[in-house]
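I opened my notebook today to look at the open spaces and a ligand site in a structure that is new to me. Come along as I jot down what I looked up.

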Amino acid sequence: MTTKNRFFQVPHCNGMGYRDPTAQAAMRAIKAEGGWGVVCTEQVEIHPTGDIGPFIELRNWSDQDIPSLARIADAIHAKGALAGLQLAHNGMNAPNLTSREIPFGPADLPVFSIFNDPVQARAMDKSDIRALRHWHRSAALRGKKAGYDLTYVYAGKLFGGAMFFLSRRFNERGDEYGGSLENRCRLLKELLEDTKDAVGDTMAVACRISVDELLGEEGLHAAEARDIIAYLAELPDLWDLTLSSWDNDSQTSRFADEAYQEPFVTGIKALTTKPVVGVGRFTSPDTMVRMVRQGILDLIGAARPSIADPFLPKKIEEGRIEDIRECIGCNICVAGDHTMSPIRCSQNPSMGEEWRRGWHPERIRPAESETRVLVVGAGPAGLEAAMMLGRRGYAVTLAEGEKDLGGRLVRERRLPGLSAWGRVADYRIGQIAGMANVDVFRDSRLSAEQVLDFGFPHVVVATGATWRRDGVGRRILRPLPVAEGAVVLTPDDLMAGLRPPSGPVAIFDDDHYFMGGVLAELLAREGWQVTLVTPTGEASSWTVMTMEQPRIQARLIEAGVTIRPHRILSGIRTGTLDLSCAYTGTPSSIEAASVVLVTARLPDADLMRGLSARKSDWADAGLASVTAIGDALAPGTIAAAVWSGRRYAEDFEAKPRGLDDLPYLREVTELVPGPLPWLT
Ligand code: ADP
Ligand code: SF4
């Protein structure tokens with residue numbers, strides 16, 4: 001197999017899998033269109049005994065799955081890339097919630113699943129190993145029938161079940177599949193040999209393996225992983241290198257820089273003559289070239305950079321470096337898989353919408369008229385709306401109240417570890433700068449009167465949101481009692497440069513995403529004595545979805561932050577906070593000279609309200625529509641704001657949808673022919 005270039009979209013989950021195969025086919029095809037030489041699927045379950053539900057991945061359990069798999073391969077081929085199929089038996093990572101089969105692996109141990117399911121795996125015997133080899137071989141043959149060019153044997157990230165055999169901490173077997181390194185490699189070796197034998201005449205066989213679990217001697221560590229690769233060196237046709245587990249492999253920009261895997265993969269090429277692909281959130285062409293020139297990697301692997309910009313290779317090929325939409329390393333894409341919902345991306349709002357809404361990462365249909373649009377507010381939502389309306393060819397005016405464009409990102413990018421998030425603004429500001437039909441006005445805070453005076457036919461209100469100061473959020477639904485003289489701050493205050501008075505400061509986090517944790521880190525690093533109070537069990541608890549939670553918790557502990565879990569704020573007195581136990585209501589109190597409330601945000605709706613109040617003047621002012629988008633409509637993530645801006649631009653002057661029209665296409669499961677046996 002010869003790939004046309006070195007850009008390799010490594011397998012990545014997408015929350016679509018077997019439920020949305022056509023949506024996935026379109027998503028992968030767009031990567032191929034964007035120039036990736038190889039485009040892979042996510043991990044594809046080979047059998048019901050390796051069922052990783054509730055997560056939604058592709059399945060290759062029987063011939064019934066071939067049409068879905070073929071649709072994806074065909075779509076990738078149609079756009080000129082090689083199609084890769086990542087076969088996986090998840091072994092001890094699969095709780096088998098759908099199939100109810102008993103999971104199996106090298107030992108009798110609890111499954112290694114995300115939710116700590118109350119399921120134990122059983123130790124495989126020889127007949128299980130024979131069965132697994134048979135299923136893997138059959139799945140490879142089905143992959144061949146489905147038209148794939150490349151198939152994987154997966155022994156990485158504690159997803160590929162063979163990895164549990166490689167790692168001493170899971171494998172204490174006394175037979176020829178345990179003990180010595182050669183024995184622990186036996187299953188992987190057999191799977192590779194079987195796959196080569198079954199399909200190696202026409203397909204390349206890749207091995208995805210973890211090069212370090214970052215657990216030292218306890219886990220599969222660098223030296224041992226190198227011994228394994230040296231031992232199996234020439235058996236696969238390609239080595240795909242990862243860290244383990246997934247949270248180590250896909251670290252966010254808050255915790256790791258581009259190319260963070262370099263020390264772990266350097267030197268591996270010397271162990272094999274076969275091509276080596278590795279990842280590291282590569283978005284800089286210089287870094288990619290260095291990886292190849294220095295002989296560290298042969299192929300530039302990417303999951304997230306290809307999600308943020310499916311056209312990254314084309315843009316490099318055409319020398320359009322400034323047009324690259326760089327991944328910000330936030331892992332909102334990963335949250336799609338963890339929430340079993342179609343993948344979304346902070347940078348690329350078309351991700352997951354390619355088929356169902358017909359959105360393309362680079363193109364949008366031309367303007368339907370010569371009308372003009374005023375976008376008020378240049379945060380992620382306003383910038384995206386202005387950019388995409390501009391691409392359509394409309395005359396757009398973007399007015400921003402502040403000197404700097406970027407809205408919330410102007411402030412949030414200055415928080416510890418979040419500087420890369422600013423790329424969401426930078427990309428759009430850069431694109432808009434080159435558009436003659438988009439005028440940008442800074443320092444222009446507009447009132448309803450001014451907007452009406454300007455006479456734009458269409459106004460987009462993207463004015464953002466403000467953090468609440470009254471404690472209302474998830475657990476507290478009425479404003480908190482605050483004693484006279486008590487100091488209450490919000491994230492907006494801190495981001496504007498305000499600081500608490502001297503003395504201990506408490507942060508009450510009922511938001512649970514990044515803000516509470518990152519402010520605790522900020523204040524602790526500046527020398528404050530910080531207590532983080534949360535109704536949940538952990539700091540920034542939602543960040544389990546972005547795989548950051550353990551790292552955030554560790555960072556806060558290391559920074560000296562006291563974490564008070566399972567506590568709800570019930571009152572704010574001068575110097576004291578009243579708390580109650582989230583389970584029993586038992587009251588307690590802590591000393592705090594000030595409190596920062598990270599609870600909820602309110603839309604900045606002044607402009608919207610002002611314009612609504614003057615609806616009777618709209619016709620005279622030539623105003624036909626006013627639409628709130630992004631946080632001004634309902635505060636949410638950056639990804640949601642960008643998506644909202646894109647949706648406005650897509651829907652603008654589109655045929656109106658009826659109340660009964662669904663907003664997007666969907667794929668409905670085909671029913672088996674009736675009548676059903678138990679009804680007859
Ligand atoms: P979103 O995430 O929805 O894009 P942001 O809070 O990031 O929202 O951005 C909103 C932007 O709107 C901020 O930069 C703010 O300064 C700006 N803004 C708010 N009200 C006005 C107004 N009346 N006129 C111009 N700009 C405004
Ligand atoms: Fe990168 Fe964030 Fe997009 Fe994922 S969601 S690809 S991490 S920008």
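**Entry 1: the largest pocket.** I began by asking where this pocket sits. Both domain 2 (372–464 + 604–651) and domain 3 (483–601) give residues to the lining of the largest pocket, so the pocket lies between them. I kept in mind that this is a predicted model.

Next I looked up its volume, and found about 910 Å³ of space in the largest pocket. I noted 41 lining residues, with Glu400, Arg411, Arg445, Thr463 and Asp604 nearest the centre. By class, I read off 16 nonpolar, 11 polar and 14 charged residues in this lining.

Which helix gives the largest share of the lining? I found that α15 does, with 4 residues. Other elements that supply at least two residues include α14 (380–392), β17 (465–467) and α21 (606–613).

**Entry 2: the second largest pocket.** Here I found about 720 Å³ of space. The lining has 19 residues, and Tyr18, Gln64, Ser68, Thr669 and Glu670 lie nearest the centre. I sorted this lining into 10 nonpolar, 4 polar and 5 charged residues. Both β3 (58–59) and α2 (66–78) supply at least two residues, and α2 gives the most, with 3.

**Entry 3: ligand 2.** Last, I looked at what surrounds this ligand. Among the residues around ligand 2 are Cys327, Cys330, Cys333 and Cys345, along with Arg304 and Asn331. The shell divides into 8 nonpolar, 3 polar and 1 charged residue. I saw that α11 (304–308) and α13 (332–338) each supply at least two residues, and that α11 gives the most, with 3.

Technical notes:
Residues are numbered from 1 along each chain as its sequence is written. Chains are lettered from A and ligands numbered from 1 in the order in which they are written. This is a predicted model: local features need pLDDT of at least 70, side-chain atom pairs count only at pLDDT 80 or more; totals for chains, interfaces and linings use all residues. Side-chain values use heavy atoms; hydrogens and water are left out. A residue is near a molecule or strand if one of its heavy atoms lies within 4 Å of it. Ala, Val, Leu, Ile, Met, Phe, Trp, Tyr, Cys and Pro count as nonpolar, Asp, Glu, Lys and Arg as charged, and the others, Gly among them, as polar. On a 1 Å grid over the protein atoms alone, a cavity is a set of points where a 1.4 Å probe fits but cannot get out, and a pocket is an open set with protein on both sides within 12 Å along at least five of seven lines; lining residues have an atom within 4 Å of a point. Grid points are joined across faces, edges and corners, and a volume is the space filled by probe spheres set on the points. Domain bounds come from an automatic or database domain assignment.
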